[in-house]
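This report describes a sheet, a pair of helices and the surroundings of a ligand, in that order.

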Amino acid sequence: MSKVYFASARVSKWQYSDSMPGKLERLLNAINLGQFFESKEWVAVKTHFGSEGAHRIVRPVFLRKVVDALKAFGAKPFVTDTVRIKGLDYLEVANYNGINHLSVAAPVILADGLYGHDNLMVPAGEILGEIAVATVIHDVPAMVVCSHIKGHIQAGYAGAIKNLAMGAVSGAHRHCGWKCGRGAMHAIGEGMLEWDAEKCTYCHQCKEICPLDCIEFGPDGLIFNSDKCWRCGRCARVCQQDALVLPSNDDKFMKSLSEAAKAVLSTFKPRKVIYVNFLTEIQPECDCMPAAEVPVIQDLGIMVSEDIVSIEQASIDMLLKAAPLPASLASDMEIKDGEDVLTSLHNKPYMIQINEAVRLGLGSRKYEIIKLD
Ligand code: SF4
Ligand code: SF4
């Protein structure tokens, strides 16, 4: 049984130690970072930089707390994420969202280079075969995975497994393209986008959101550059008419997330990765979308564990007990108390991620919650 340290988002005493940053400091003390990391060791603090407009990410103040805790015993942390849009633009997005060297007190770097091509193929599993893991994450000896817990249109639940699977893997490989990167999870088979001219309102939102300028509109409608596209699915996600679809398969997608997470973790020695799940600003969609919706579940708190399966299971169990928030998408959809909010929102079998992670030996679903006072 693994330990999951938890601090509630509620404040009972008006003092720093009862604030969320203060509680994160106490959680990191409780797990004793010194048993995982060494003095002078480089440690990646893996987060998601968000998107221009998606501000509900893991806040810089929390990243700073993780960095400070690592520096306290001489480790050398840096904050990192893989390229989602063009690399220089993505660093600017991090800066817009408040993540920079000054705010987090550590270098902020792209894990797979300015072009998203700095990666190494790592054996993954039955579905993916191999996957392109970002070079920096592949090479660094230790990591703290900071994950913003939220819903996701394709994954249903997005936590630490997805943060590693999608977030530590590149969009494409220099030679074998999207089929070796994130697109291998997003798409099945040849994974070609399907466009329905009848449904399209020509709003051009898909064209505007594409990070690689793969979509154009000509006299005969949508023109899609299949060679350039890395199957990130952003265009299909923003289409409100269901006019653009990236064929996917829920079972394979969920299992491939766990496979990719395992591939990433295989590049670390045992007990060199810990997880911090932020059950805060729990919005319906991914942080890579161009806007952040209001939360569908009230802030619950922060969890820290060395077991990726335990922390994911504990996070899901807590979400399952949480009530849907009024004046949110959950109330628009008339989700009631006692219902699984994330399943009601997206109708995705997200537990497959966890079950597959157990099957792959990534951790245990049995956990003990150690709650801070
Ligand atoms: S987002 Fe959808 S509706 Fe709008 S142009 Fe693209 S395919 Fe058409
Ligand atoms: S999936 Fe859509 S948004 Fe992503 S690269 Fe391809 S065309 Fe662009």
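Two strands are said to pair if DSSP finds at least two bridges between them, and helices (H or I, at least four residues) and strands (E, at least two) are DSSP runs numbered from the N terminus. The model is predicted, so that local features need pLDDT of at least 70 and side-chain atom pairs count only at pLDDT 80 or more, while totals for chains, interfaces and linings use all residues. Residues are numbered from 1 along each chain as its sequence is written, and chains are lettered from A and ligands numbered from 1 in the order in which they are written.

Strand β3 (residues 76–81) pairs with β4 in the parallel sense over three bridges, and Thr80 has Ile109 in β4 as its bridge partner. Both strands belong to an open, mixed sheet of eight strands, ordered β4-β3-β2-β7-β14-β15-β1-β16. The edge strands, each pairing on one side only, are β4 (108–110) and β16 (367–371).

Helix α10 and helix α14 have axes that come within 8 Å and cross at roughly 45° (axes are lines fitted to C-alpha atoms, for helices over the stretch in contact, and angles run from 0 to 180 degrees between N-to-C directions). The residues that meet, in contact if their C-beta atoms, placed from the backbone, lie within 7 Å, are tabulated here.

| Helix | Residues in the contact |
|---|---|
| α10 | Asp251, Met254, Lys255, Leu257, Ser258, Ala261 |
| α14 | Ile352, Gln353, Glu356, Ala357 |

Ligand 2 is surrounded by residues including Cys210, Cys214, Cys229 and Cys232, where a residue counts as near if its C-beta atom, placed from the backbone, lies within 6 Å.

Note on methods:
Two residues are in contact if their C-beta atoms, placed from the backbone, lie within 7 Å.
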